[in-house]
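Reader: I'd like to learn how to read this model. Walk me through it, please.

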Amino acid sequence: MKFSQSFIPTLRDIPANAEIASHILLLRGGFIRQLGSGLYTWLPLGVRILQKVERIVREELNKKDAQEVLMPFVQPGELWKESHRWDVMGPDLLRMQDRHKNDYCLSPTHEEVITDLFRKNVKSYRELPCNLYQIATKFRDEIRPRFGVLRSREFIMKDGYSFHIDEKSLHATFIAMHEAYSSIFSRLALDFRSVEAHGGVIGDEENREFHVLADTGEDAIAYSEVSSYAANLEKAEAVATGEVAPPSQSLTKVSTPKVRTINGLVECLDVPIEKTVKTLIVQGKDSPIGLVLRGDHELHEIKAAGLPNVLNPLTFTKESEVRHRVGCNVGSIGPVHLQIPYYVDRSAAVLSDFVCGANEDDFHITGVNWNRDESLRNSAIQDFRKVVEGDQAPDGSGPLSILRGIEVGHIFKLGTKYSQTMNATVLDERGDSINVFMGCYGLGITRLAAAVIEQKHDDVGPLWPLEIAPAQVHLVALNVPRSSDVESAANQIYDQLTKQGIEVLYDDREERPGVKFADADLIGIPYRISLGERGLSQDSIEYQYQREAKVELPFDQVVPTVLRDLT
């Protein structure tokens with residue numbers, strides 16, 4: 001591949017509105033160009049990277065006996081209505097009508113289509129398990145596309161689906177897909193974590209997310225450094241430590257004029273924030289519900305929305321209704337004699353002699369104890385706070401650490417969620433019709449390419465892993481028009497390497513050395529060979545891996561050295 005004959009529009013300046021490394025470097029290196037909000041064209045070098053990612057994905061999935069299909073990008077709305085997700089998906093689902101006024105949508109995922117395919121073609125348990133996947137374009141109408149292809153509206157995704165006679169078979173494939181994904185990320189030399197997660201609108205049974213660790217990741221991951229425990233913060237369990245100490249203070253109502261916040265309470269009474277609790281009021285199915293947290297902890301809204309009788313999605317009660325039902329403003333609420341149902345977070349439930357609102361404006365209560373004070377006994381204890389650094393891991397292995405991660409894959413056990421609503425059945429050994437168990441396995445191809453850069457780049461450009469780099473070797477010939485010797489030597493190296501099956505990007509342009517080296521940095525091909533007139537006259541050619549120290553090689557050792565390093 002010769003640079004002079006290739007479409008590689010590199011950029012010298014950082015593009016406007018590009019904030020993170022992958023967005024900046026994919027644009028500057030000539031890998032992508034933006035068409036519209038959340039819409040990107042992948043250019044030749046970018047397509048080579050995507051194709052190599054896809055090749056790795058196919059190889060690892062095929063090892064696990066998954067089979068590739070290709071399903072339509074445009075889907076009939078009637079399937080989504082049948083699964084009851086036509087409305088659940090909300091505005092992320094881009095809907096349209098054809099000339100006959102039939103409803104359609106652009107595919108954000110393919111559970112409905114694959115279930116319809118299965119139910120029309122598979123009838124017996126003897127045909128199970130069945131594991132199908134595709135690599136195809138998806139569209140989700142993101143409210144705020146950002147970070148380039150990490151959060152775009154149109155993207156390429158590998159989505160897979162499996163069908164099983166029972167949960168045991170489903171679990172076996174779930175484990176096999178976990179192994180396949182782990183192998184994919186390991187081949188890319190990525191530092192990643194598999195974590196417990198919430199299923200969202202796809203499915204709410206057992207599932208795992210895969211995160212590439214990077215400071216720019218949108219998700220926070222809680223993990224143990226000495227065990228395999230890891231969870232997305234949406235799923236991470238908050239463990240309470242310690243036991244409730246015996247009371248040492250009496251219950252006392254104190255004046256706290258104009259105190260409406262925890263920080264104000266700490267300052268007013270000079271108490272540690274860990275000895276305070278706050279009570280938030282949310283909408284319940286029958287009445288408002290209180291959520292009691294330690295003063296320094298934050299509410300986890302997804303956890304809270306899953307509590308019994310709490311409305312989902314979580315909705316905070318309006319202040320006017322709070323005052324009507326509780327008798328005070330929101331800054332003065334507490335669990336003592338609270339006249340509405342409430343839950344206590346685990347960490348708040350182990351406090352003793354704590355401070356809380358008195359359910360009367362400008363007053364709080366000190367010396368509160370759960371076991372002693374009659375109105376607080378038998379309080380309902382739940383986990384609904386966010387995990388913080390240093391919390392104990394649920395498996396007892398020690399304190400949790402928190403890192404940022406970019407979600408690149410997600411595997412689910414769907415159970416019979418779709419097979420029941422869409423009547424996907426087979427005949428079992430006894431001849432009875434049963435709903436099949438399903439699994440779902442997603443992996444972002446374009447997202448993964450960007451995540452690689454987020455983890456592997458330096459100040460001047462990307463550091464592509466060899467398996468997905470746009471080429472293996474970047475051959476830079478300097479001042480070609482002035483030296484036939486340089487041109488001849490470069491052509492010999494290019495021809496010899498390509499004949500050996502080595503992918504080479506040969507910069508044969510009539511450009512200044514500075515331009516060529518700057519472009520080489522922006523493209524990020526792992527191995528670089530640089531030759532100029534002066535070095536060639538001394539039988540010396542520069543050879544470099546990534547940004548490591550350059551090595552001087554004689555001409556006749558260049559090709560053998562490259563072949564040795566690449567084989």
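Author: Start with arginine 95. Its relative accessibility is 31%, so arginine 95 counts as partly exposed. Buried means under 20% relative accessible area, exposed means over 50%, and partly exposed is in between (1.4 Å probe, protein chains only). Now the ground rules. This is a predicted model, where local features need pLDDT of at least 70, side-chain atom pairs count only at pLDDT 80 or more, and totals for chains, interfaces and linings use all residues. Residues are numbered from 1 along each chain as its sequence is written, and side-chain values use heavy atoms, with hydrogens and water left out.

Reader: In which strand is arginine 95 found?

Author: Strands (E, at least two residues) and helices (H or I, at least four) are DSSP runs, numbered from the N terminus. Arginine 95 belongs to β5, residues 95-97.

Reader: Which backbone oxygens does the side chain of arginine 95 reach?

Author: Look for polar contacts. A polar contact is a pair of N or O atoms within 3.5 Å; within protein, one must be able to donate a hydrogen and the other to accept it, and residues adjacent in sequence count only if both atoms are side-chain atoms. The arginine 95 side chain reaches the backbone oxygen of tryptophan 86 at 2.2 Å. It also reaches that of glycine 90, at 2.9 Å.

Reader: What separates the C-alpha atoms of arginine 95 and cysteine 105?

Author: They are 4.3 Å apart, with the two residues 10 apart along the chain.

Reader: Next, threonine 446. Is threonine 446 buried or exposed?

Author: Buried: its relative accessible area is 4%. Threonine 446 sits in helix α11, residues 445-455. Its side chain reaches the backbone nitrogen of isoleucine 156 at 3.3 Å. Contact means heavy atoms within 4.5 Å. Not counting residues up to four places away in sequence, threonine 446 touches Trp42, Leu50, Val149, Phe155 and Ile156.

Reader: How many residues of helix α4 are buried?

Author: In α4 (residues 111-121), 8 of the 11 are buried, so the helix is largely enclosed by the rest of the structure. Among them are Val113, Ile114 and Phe118, but also Glu111, Asp116 and Arg119.

Reader: Which residues touch the most other members of the largest nonpolar core?

Author: A nonpolar core is a set of buried Ala, Val, Leu, Ile, Met, Phe, Trp, Tyr and Cys residues joined through side-chain atoms within 4.5 Å. Here the largest has 58 residues, and Leu26, Phe185, Leu448 and Trp464 touch the most other members. Helix α5 (residues 167-187) gives the most to this core, with 8 residues. A second, separate core of 24 residues includes Ile493, Leu497, Leu531 and Val559.
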